[in-house]
Amino acid sequence: MKRCPVCGEAVAPRSANPVFPFCKPRCKQIDLGQWLGGEYVISQSLLPASVGFGGPRHDRETD
Ligand SMILES: [Zn+2]
């Protein structure tokens, strides 16, 4: 059985689990929060620099 990427608990099948692949809504929230907080490191730079998740901004600020 698949395990929750957040807490490691067993995850119910997708057909019976609205928050798949997480075990419960709380874990989905935690995972989403990590993305928004910029704690996930994107190892491959597939995203353009202009795409932001609310993390550190590197926008040029010209006066
Ligand atoms: Zn979980």
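## Phe22 and its surroundings

Phe22 sits in the segment before α1 of this predicted model. Is Phe22 buried or exposed? Phe22 counts as buried, because 23 C-beta neighbours fall inside 10 Å, and the cut-off for that class is 20 or more.

Setting aside residues up to four places away in sequence, the contacts of Phe22 are Cys4, Val6, Val11, Cys27, Lys28 and Asp31.

Let's step back along the chain. Phe20 and Pro21 are linked by a cis peptide bond, with omega at about 5°. Pro21, too, belongs to the segment before α1.

## Cys27 in the helix

Helix α1 covers residues 25-37, and Cys27 is part of it. Cys27 has 19 C-beta neighbours inside 10 Å and therefore counts as partly exposed.

Which residues does Cys27 contact, leaving aside neighbours within four places in sequence? They are Cys4, Val6, Cys7 and Phe22. For Gly8, the C-alpha to C-alpha distance to Cys27 is 9.9 Å, across 19 residues in sequence.

## The chain as a whole

Now for the wider view.

If you take the contacts between residues at least 6 apart in sequence, 8% of them join residues at least 24 apart.

Definitions and conventions:
Residues numbered from 1 in each chain as written. Predicted model: local features only at pLDDT ≥ 70, side-chain atom pairs only at ≥ 80, totals over all residues. Contact = placed C-beta atoms within 7 Å. Helix = DSSP H or I, 4+ residues; strand = E, 2+ residues; numbered from the N terminus. Buried ≥ 20, exposed ≤ 12 C-beta atoms within 10 Å, placed from the backbone.
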